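Reader: I am new to reading protein models, and I would like to go through this one with you step by step. Could we take one question at a time?

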Amino acid sequence: MKNWFEHHFHLHSQQLAKSMLRPLRLGIITLYALTMLIVTIVIIWSAWRDYQRTLQDAEKQTFSLARLLDEHATRSIISVEQAMQNISEDIQRAGGVSSADERTMYEQFKAKVELTPQTRAIIAMDEKGIIRIHGLEYPARHIDLSDREYFAPHRDSQGSRARIGTPIVSRTDNKWLIPLTRRINRPDGSFGGIMLAGMEPNYFLNFYESLKLDRTMRIQLLRSDGVVLLTYPLDPTVMGRNLHTSDPTTYEKLARTSAAFLATHNSKGAEIYITQLANQTDLPLSVRVISDSAQVFSKFRQETMIKVTSAALLMLVVSVMTYMLLRQINRVNDAESRLYFTQFSVDESPDMILWCDQAGRVRYTNRCLAETCLYSPDELLKLTFMDLLVDCEEMWESLQVQMLMLKKQPDNIGLRTELQAQRRHILQAQLQGRTDRKIPVEITLSLIEFNAEVYLCISARDITERQETERELRHHRDHLQEMVDERTAEIRTVLDASPLAIVLSVQGKIRLANPAFESLFGHPASSVIGQAESLIFGSKSSYTQAIQSIRLRLEEGGTYRGEMELHRKDGSDFWALLFARALSPHAPERGAILIIEDITAQRIAAQAVRQSERLKRTIIDTTADGFALIDARRHLVDVNSSFCEALGLKRENLINQQPEAIWGELAERIFPRCPNAAAEKHFEEIVLPTGNGTLCPFLANSGVIPDEHGQIEYTFVFLTNITHQKEIERSLLESKEAAESANKAKTVFLANMSHELRTPMHAILSFSEMGINKVGQIAPEHIYRYFERIQSSGKRLLALLNDLLDMSRLEANKMVYDKSRQSLQSTVNNAVTEISSLLASKRLQVLIDENLPAVTAFYDKSRITQVLVNLLSNAIKFSPDSARIYIDFISDAQLDNGIPAVGLSVRDEGPGIPEQDLDHIFDTFTQSKQAHTATGTGLGLAISRQIMFDHNGSIVSRNHPSGGAVFTLLLPVVPGN
């Protein structure tokens with residue numbers, strides 16, 4: 001009831017204070033919210049206005065830049081057109097490019113190039129696309145440019161207007177240029193060639209660089225159809241790309257008007273702004289200026305961040321001031337609540353409280369004091385300190401002196417500090433009530449300053465019951481001490497006589513240890529008393545784990561028994577068997593007895609025995625060989641599963657049987673009788689019957705196991721099934737004989753073919769050639785064709801014989817090479833000349849890369865020519881009519897072993913090699929499945945691979961992405977062995 005009243009009074013006082021301050025707090029919070037809302041609205045409106053202004057300024061600036069770039073591009077292109085106009089008229093009057101004087105035109109071209117810095121070179125090509133006049137070199141290299149995209153439109157169109165072509169890489173200097181081309185007519189109006197002015201991209205890039213543009217800004221010069229003529233910064237991957245095809249959506253949006261401004265995103269997802277301006281003249285040009293969003297709004301973001309930061313600081317200041325004001329209001333509220341509660345707590349305190357002034361008069365008492373002394377509150381206010389507390393005259397005089405000093409010297413800091421330390425006293429005294437009974441109390445004295453006066457606050461507590469309890473406790477304590485001393489003497493006698501270490505542990509502390517403990521751990525008993533029991537454990541983790549197991553067992557009421565590793569004083573560890581039992585099974589927290597026995601030696605010995613037995617048993621059970629063991633009486637005592645499986649017998653049918661009863665005379669060979677234990681191991685191959693009646697060969701490895709007296713105790717044997725090994729030996733022998741026979745037959749066949757076929761074949765070719773020469777004019781035409789067929793078939797047969805003989809010599813490593821430093825270009829030309837008739841028969845064209853300087857290597861020219869002829873012959877076979885064969889040289893490569901190499905690649909436009917044939921195309925007598933319509937023996941590529949191998953080189957094949965097969969040859973740069 002009292003607690004409920006206190007709580008209710010406290011809540012009532014708080015509610016009273018809050019009801020007075022609630023309107024003020026609500027008004028402050030409302031004003032704060034309105035201030036934050038206004039500041040936020042102003043910041044958002046200001047940011048939106050600045051964003052729109054920034055975007056408008058960026059659009060104006062980029063349009064101005066685009067106009068400047070458009071004017072610069074227009075002037076540059078028009079000046080190049082004017083330079084070409086004058087020269088083209090001179091060439092037309094001369095009858096076309098083929099008829100113009102190269103020297104004269106070279107001088108004019110050179111002069112025009114010097115006058116127009118945006119022009120790198122001016123060239124003129126004839127009606128076939130071959131360069132005839134070059135403004136940078138004389139005489140000009142005759143390079144075929146008929147495959148350029150600008151050639152066909154000029155050739156097929158009568159218009160003489162200049163065209164801006166797609167950016168290309170020049171074939172004369174391997175640099176990017178923007179071609180400006182113009183058709184040249186002959187006097188009769190026919191096509192007389194093309195004049196090309198290569199505009200220098202660096203001219204435009206240098207101009208863009210001089211504008212000091214932002215590093216994130218990019219410029220694109222476009223043709224009207226969307227082809228990129230130039231990018232700044234230069235990006236070769238974009239040069240020549242058609243944006244109408246690659247990004248049609250963006251292109252169409254920008255192409256709707258002559259001047260457009262568009263916000264979009266790039267390939268990385270970043271926002272960009274594109275300004276596109278179409279050329280104001282009749283030139284098919286457009287200029288794009290691409291701005292990065294981060295660059296456009298960088299200043300806007302900085303200014304916005306400053307405004308937001310300022311607003312945040314303002315809001316923070318207002319928030320802090322509001323918070324401080326609300327906290328001060330809450331403090332006033334809390335102070336009033338505490339004041340109400342403090343007054344109530346003092347009045348209703350269970351202790352007796354009274355205040356006295358310097359004269360000792362009682363100024364305040366609570367209800368408990370009045371009830372205890374049997375005085376009314378008014379009667380207590382008429383009494384003094386000495387009337388209530390008897391026999392306290394000296395104490396009161398000392399307190400009066402301190403109160404007087406504190407009142408006279410209120411500003412003395414030293415005195416105040418000293419009295420502050422002595423201000424609180426806790427004493428025992430006697431309280432005098434209305435009756436003659438004196439009540440023992442415990443009083444607390446405190447000096448308190450209030451309104452420039454010093455008061456003595458006294459808190460008293462009735463200790464009558466406590467004194468009675470203390471007297472009874474002292475009596476029981478003395479009695480228990482006598483009993484403990486008697487039992488301790490008995491326990492000490494038992495502990496001292498025990499050979500095992502015994503410890504008494506109470507609440508994790510060692511309370512008792514016997515002499516055996518001192519001997520085992522090296523700790524004197526006197527030094528461990530009171531120490532933690534973790535002292536005898538090696539680590540905290542091991543102690544924690546062990547003590548958990550011990551406590552769990554003791555809480556169950558049982559005795560703990562376990563092996564664990566303990567720690568001596570000298571730092572060494574040992575294994576011990578530990579017994580633990582609680583002093584009281586129902587209250588294990590009262591303590592436990594620990595009995596410790598050193599088992600290190602027993603544990604090491606047992607572990608060694610177990611490990612040895614486990615290792616031997618594991619080896620015997622898991623080995624693939626059969627194992628059997630007999631004792632001295634020649635009885636089987638153990639066999640493993642492999643032994644039973646190998647012989648098809650069951651273990652229960654073998655144990656305790658004698659080997660002679662199972663295998664008869666063979667038992668002596670399985671388990672030979674040894675004269676003594678020093679006999680060496682016995683190895684022997686034997687044939688034993690299995691469970692299904694078949695005979696199986698085994699390798700028997702037997703030995704003996706002696707006892708401690710050196711006598712034979714056991715005999716063992718390991719049986720290894722060697723059936724598979726025997727079969728392998730027999731198969732290898734048969735394969736060896738068959739291979740030797742086949743090799744001998746092949747050698748005889750090739751020798752016979754060399755002598756028997758080549759001689760008559762030469763005679764057939766000679767007579768067919770004589771027949772062609774003799775009857776060419778006089779015999780009928782069909783007779784002449786007969787002789788031609790005989791000669792053609794004979795040559796094919798002779799080539800087959802030569803391939804077979806070459807293959808035989810290569811396999812026998814009898815091919816002789818005449819290696820020297822040779823030029824690959826020269827060797828390729830010889831091979832192409834050798835098969836020129838085959839090329840002409842199918843109207844094939846061989847395109848050889850002539851841009852590289854001479855590529856040389858160390859090889860046999862005739863054999864490498866043979867390889868090239870084989871590759872070119874294959875390319876001719878599989879190429880359609882009027883196709884092309886490409887030969888490219890490789891000046892810098894590496895072989896698989898890292899040796900520097902050079903080489904070439906041969907590519908045709910045929911069907912290619914099926915993927916399943918790529919790994920076997922170089923095998924002997926192997927042809928691609930695409931060769932069903934072509935002739936051949938399948939030896940050419942095999943011979944080529946062996947020749948390349950003998951040159952320490954390599955030959956590989958693959959399919960080209962656009963069709964056709966590609967064969968690549970690599971030869972080492974330096975001579976090999």
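Reader: Is arginine 103 buried, exposed or partly exposed?

Author: This is a predicted model, and in it arginine 103 has a relative accessible area of 40%. Buried would require under 20% and exposed over 50%, so a value of 40% places arginine 103 in the class called partly exposed.

Reader: How far apart in the chain are aspartate 147 and arginine 171?

Author: These two residues form a salt bridge, with their closest N and O atoms 2.4 Å apart. The pair links distant parts of the chain, for aspartate 147 is in the loop between β2 and α3, while arginine 171 is in the loop between β4 and β5.

Reader: In which helix do glutamate 468 and arginine 471 lie?

Author: The side chains of glutamate 468 and arginine 471 meet in a salt bridge, at 2.1 Å from N to O. Glutamate 468 is partly exposed at 42% relative accessible area, and arginine 471 is partly exposed at 40%. They are three residues apart, about one turn of the helix, and the helix that holds both, spanning residues 464-497, is α14.

Reader: How many salt bridges does a search of the whole structure find?

Author: Side chains of opposite charge can pair when their charged atoms come close. Some of these pairings are joined together, as in the network of salt bridges that links Arg49, Asp50 and Lys307. Over the whole structure, the number of salt bridges found is 28.

Reader: Within what arc do the buried residues of α25 fall?

Author: Helix α25 covers residues 824-834, and its buried residues are Leu824, Gln825, Thr827, Val828, Ala831 and Val832. Seen down the helix axis, these buried residues of α25 are gathered in one arc, so they line one face of the helix. On the other side of α25, Thr833 and Glu834 are exposed. The arc that holds the buried residues is 160°.

Reader: What is the accessible area of the nonpolar patch that includes Leu316?

Author: Leucine 316 is placed in helix α8, residues 298-347. On the surface, Leu316 forms a nonpolar patch with Leu313, Val320, Tyr323 and Met324. Together, the residues of this patch have an accessible area of about 500 Å².

Reader: What percentage of the residues of the protein count as buried?

Author: The protein has 28 helices and 34 strands, and it exposes about 56800 Å², of which carbon and sulfur atoms supply 54%. To count as buried, a residue must have under 20% relative accessible area. Of the 977 residues of the protein, the share that counts as buried is 39%.

Terms used. Residues are numbered from 1 along each chain as its sequence is written. This is a predicted model: local features need pLDDT of at least 70, side-chain atom pairs count only at pLDDT 80 or more; totals for chains, interfaces and linings use all residues. Side-chain values use heavy atoms; hydrogens and water are left out. Buried means under 20% relative accessible area, exposed over 50%, partly exposed in between (1.4 Å probe, protein chains only). Helices (H or I, at least four residues) and strands (E, at least two) are DSSP runs, numbered from the N terminus. The arc is that of the directions from the helix axis to the C-beta atoms. Accessible areas come from the Shrake-Rupley method with a 1.4 Å probe; for residues, only the protein chains shown count as cover. Patches are made of residues with over 30% relative accessible area and no salt bridge: like charges are joined within 9 Å, nonpolar side chains (Val, Leu, Ile, Met, Phe, Trp, Tyr) within 5 Å. A salt bridge is a side-chain nitrogen of Lys or Arg within 4 Å of a carboxyl oxygen of Asp or Glu.
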